[in-house]
Amino acid sequence: MVPDYIFESSWEVCNKVGGIYTVLSTRAKTLQEALPDRIIFIGPLFDDAPTTALNENATLPSWLMAWQQQAAGEGLRVKVGRWAIPGEPLAVLVDFKPYFAQKNELYTRLWEHFGVDSLHAYGDYDEASMFSYAAAKVVESVYSQLSTPESEPKVIYHGNEWMTGLGLLYLRYALPQVATVFTTHATSIGRSIAGNNKPLYDYLFAYNGTQMAGELNVESKHSIERQTAHNVDCFTTVSDITARECLELLDKPVDVVLPNGFEDNFVPRGATFTRKRKAARRRLLNVANALMGTDLDDDTLIVSTSGRYEFRNKGIDVFIEAMNRLLRDRNLKKTVLAFIVVPGWVGEPRQDLVERMKKGEKEHEPLEVPMITHWLHNMGHDNVLNMMKFYDMHNRKDDRVKLIFLPCYLTGNDGVVNMTYYDVVLGNDLCIYPSYYEPWGYTPLEAVAFHVPCITTDLAGFGMWANKVIGHEGQISDGVKVIHRTDYNYSEVADIIKDTVSEYSAMTADEVKAARKHAEQLSKKALWKHFIEYYYTAYDVALRAAEKRKTVK
């Protein structure tokens, strides 16, 4: 069955926070082409933040303009327009703050209908839940406007992550005609188990999700996520490894796995690609040389890791471990310049570094703390800096491996690098993402899209997918090195990373060219035009369930 309209909500619609933004914003173009102006994204409206991601002056369908007036009469405060991304899909941003006055009533109803425990809520639970309810009210309102006594449209409401759970459950009893899809990109309890240094995988079969949620103080998030998974028409996740996690920790098998694809329209071509790659390398080398008082040239092997600051889950710890071991590797053929591009509690750009870069003079003395580009608020309690200090990694002149912490989002105006993340990725020779907990893994997919070979693990959904596509355990010559990782082989993983970087440093120009070509070719197989079929399957499952509900009624 094909939907007439799809409403998809997420905290990250027009609000870039993490990987879900990338999932939605790259997939939108494919859906918009298949269902023109029948895919409507719903996101949060913030009074104190600019909404430049929403074009409110764009041409809108007449039914949506009519609804906008209806919404005002119903007390819904919304901004309507087109999301400023490829495909320019319709988007509605809704103010959720008025619903805080109804919070207790909503939580009581949630308990009565579905047994969701909101008593232990804290942090972002209330804010996310009120947004979720507001998004569902938008769907309810639009549905009433689109429906006639003679015809009811086939409507999908697709919520992403536990933050959309309350709205999905509300529609389940308030508007059962709407077919619901729920995607958990990572279970709240799985992420908590991994992030609290507990072995996740060997004991997954033995963990009781609800019991562990109590132990780790995430009862309310787990409760709403679990009940949403059990009560929607189609429950989905993003990889086979997270599907297993859902079965064990949420006690619910997923109906469809929705792997994360991407669009490659942001990857430059031809001469522009070459120019941008050279510019990125020049900038990274300039930053490093100014910071450390070195004179690294373009023959330097530039590597990096990036992502959220989840020290263990993202493998930042094992990355530092590997770079420390690489310092003493006799097979290393090039000097390695390694970056950790992870947003920390950043204070401000280092003015001493900025001034030195402005002068453009050759300096021979390193700056104070020559391992970081921006000052942090918590310099003495930062995990990256503390691990580097523990290993006495201070980027000394004779060190063949230099490690620099770049602790901010690369938006193009960080004050030091002043280039966007995608432009910076281009300058790398090798990207390394040794994740312990990674439901999918956009960073390695983005790297190979920019022709940069990468190292990842088979605990990442992308790593498992890459092995399947390649037909064997990926090697660096394939464009992706996939390391087998378990709960306990941290040291082995660090050694394999070290050996792989050393191997790459010794590869000939032709071998490097072939590896980069294989990386690009692999990325082409993850385009949304290939992966969107899984979404159509999920929509069909949900619509058939909703149709069956009508028949039973």
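Which residues line the second largest cavity? The lining consists of Met1, Lys154, Val155, Gln177, Leu543, Ala546, Glu547 and Lys550. The model is predicted, with local features requiring pLDDT of at least 70, side-chain atom pairs counted only at pLDDT 80 or more, and totals for chains, interfaces and linings using all residues. Residues are numbered from 1 along each chain as its sequence is written, and side-chain values use heavy atoms, with hydrogens and water left out.

**Cavities**

The structure holds five cavities of 30 Å³ or more. On a 1 Å grid over the protein atoms alone, a cavity is a set of points where a 1.4 Å probe fits but cannot get out, whereas a pocket is an open set with protein on both sides within 12 Å along at least five of seven lines; lining residues have an atom within 4 Å of a point. A volume is the space filled by probe spheres set on the points, which are joined across faces, edges and corners.

| Space | Volume | Lining by class |
|---|---|---|
| Largest cavity | about 50 Å³ | six nonpolar, no polar, one charged |
| Second largest cavity | about 40 Å³ | four nonpolar, one polar, three charged |
| Largest pocket | about 1500 Å³ | 22 nonpolar, 14 polar, 11 charged |

In these classes, Ala, Val, Leu, Ile, Met, Phe, Trp, Tyr, Cys and Pro count as nonpolar, Asp, Glu, Lys and Arg as charged, and the others, Gly among them, as polar.

Around the largest cavity stand Leu106, Arg109, Leu110, Tyr133, Leu166, Tyr170 and Tyr173. Helix H3 (103–114) and helix H5 (165–174) each supply at least two residues of this lining. For the second largest cavity, helix H19 (residues 528–552) gives the most, with four residues. Helices (H or I, at least four residues) and strands (E, at least two) are DSSP runs, numbered from the N terminus.

**The largest pocket**

The largest pocket is lined by 47 residues, of which Glu12, Val17, Gly18, Gly19 and Arg308 lie nearest its centre. Two or more lining residues come from each of helices H1 (19–34), H4 (125–146), H6 (188–195), H14 (421–425) and H15 (442–449). H1 provides the largest share, four residues.

**Aspartate 264**

Aspartate 264 is located in the loop between strand S9 (256–257) and helix H10 (270–292). With a relative accessible area of 15%, aspartate 264 is buried (under 20%; exposed is over 50% and partly exposed in between, with a 1.4 Å probe and protein chains only). Beyond its neighbours within four places in sequence, aspartate 264 is in contact with Arg269, Lys524 and Leu527 (heavy atoms within 4.5 Å).
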